[in-house]
Amino acid sequence: MDRLPDYAKTKIREIDYFSFLLPVTAFGYQDDMIMEISVEHFLSADKTHHQANVWAREARSLSKHFVYPLSVPVAGGSASTEIFEALNRDEKFSAIMHDYIYEAAQHREW
């Protein structure tokens, strides 16, 4: 069985990516845990929105977890900045991160 398709049949889709470290103290927790937030993003087909997939993990952890999809209207600035600012204001993202931090703390290896 050929595991990879013929190159002529393969469509490679490029996305943009950025990541940042976020201490859990930003969410009001008194702990030294640092979360790594990774964002892969691309422009929507109609070029009106930045579509983003947000992933999180405890810094230096081996696996990332998908935590949030995001769609941000294009405002003329850099995509990374617009997405970052939207995440900073997004109450749903904040609530998901609270849950994720709690879960990560429960499975933390000391």
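**View 1. Glu36, a buried acidic residue in a predicted model.** Glu36 is buried, with a relative accessible area of 14%; here buried means under 20% relative accessible area, exposed means over 50%, and partly exposed lies in between (1.4 Å probe, protein chains only). This is a predicted model in which local features need pLDDT of at least 70 and side-chain atom pairs count only at pLDDT 80 or more, while totals for chains, interfaces and linings use all residues. Residues are numbered from 1 along each chain as its sequence is written, and side-chain values use heavy atoms, with hydrogens and water left out.

**View 2. The salt bridges of Glu36.** A salt bridge is counted here when a side-chain nitrogen of Lys or Arg lies within 4 Å of a carboxyl oxygen of Asp or Glu. How many salt bridges does this rule give? The count comes to 2. In one of them, the side chains of Arg57 and Glu36 meet at 3.2 Å, N to O. This pair links distant parts of the chain, with Arg57 in strand β3 and Glu36 in strand β2 (residues 34-43), 21 residues apart. Strands (E, at least two residues) and helices (H or I, at least four) are DSSP runs, numbered from the N terminus. The side chains of Lys64 and Glu36 also meet in a salt bridge, at 3.9 Å, N to O. Here, too, distant parts of the chain are linked: Lys64 sits in the loop between β3 and β4 (65-73), 28 residues from Glu36 in strand β2. Take the three together, and you have Glu36, Arg57 and Lys64 linked in a network of salt bridges.

View 3. Is Arg57 buried or exposed? At 17% relative accessibility, Arg57 counts as buried, whereas Lys64, at 31%, counts as partly exposed. Arg57 lies in strand β3. Leaving aside neighbours within four places in sequence, Arg57 is in contact (heavy atoms within 4.5 Å) with Ile34, Met35, Glu36, Leu62, Ser63, Lys64 and Tyr100.

**View 4. Glu58, at the end of strand β3.** The place of Glu58 is in strand β3 (residues 49-58). Glu58 is partly exposed, with a relative accessible area of 21%. Which residues does Glu58 touch, leaving aside its neighbours within four places in sequence? The contacts of Glu58 are Met33, Ile34, Met35, Tyr100 and Arg108. For Met35, the C-alpha to C-alpha distance to Glu58 is 4.5 Å, although the two are 23 residues apart in sequence.

**View 5. The largest pocket.** Rolling a probe the size of a water molecule over the atoms shows where empty space is left. On a 1 Å grid over the protein atoms alone, a pocket is an open set of points where a 1.4 Å probe fits, with protein on both sides within 12 Å along at least five of seven lines; lining residues have an atom within 4 Å of a point. The largest pocket has a volume of about 320 Å³, where volume is the space filled by probe spheres set on the points, and points are joined across faces, edges and corners. Of its 12 lining residues, Glu58, Ser61, Ala104, His107 and Arg108 are the closest to the centre. Helix α2 (residues 91-106) gives the largest share of this lining, 3 residues. By class, the lining of the largest pocket has 3 nonpolar, 4 polar and 5 charged residues; Ala, Val, Leu, Ile, Met, Phe, Trp, Tyr, Cys and Pro count as nonpolar, Asp, Glu, Lys and Arg as charged, and the others, Gly among them, as polar.

**View 6. The second largest pocket.** About 200 Å³ of space lies in this pocket. Look for Phe20, Leu22, Ala26, Phe27, Phe84, Leu87, Asn88, Asp90, Phe93 and Ser94, which line the second largest pocket. Elements giving two or more residues to this lining are β1 (16-23), α1 (79-89) and α2, and the largest share, 3 residues, comes from α1. The lining of the second largest pocket has 7 nonpolar, 2 polar and 1 charged residues.

View 7. Ala79, Glu82, Ile83, Ala86 and Leu87 are buried in α1. Seen down the axis of α1, its buried residues fall within an arc of 135 degrees, so they line one face of the helix; the arc is that of the directions from the helix axis to the C-beta atoms. What covers the buried residues of α1 includes β1, β2, β3, β4 and α2. On the face turned away from the buried side, α1 carries the exposed residues Asn88 and Arg89.
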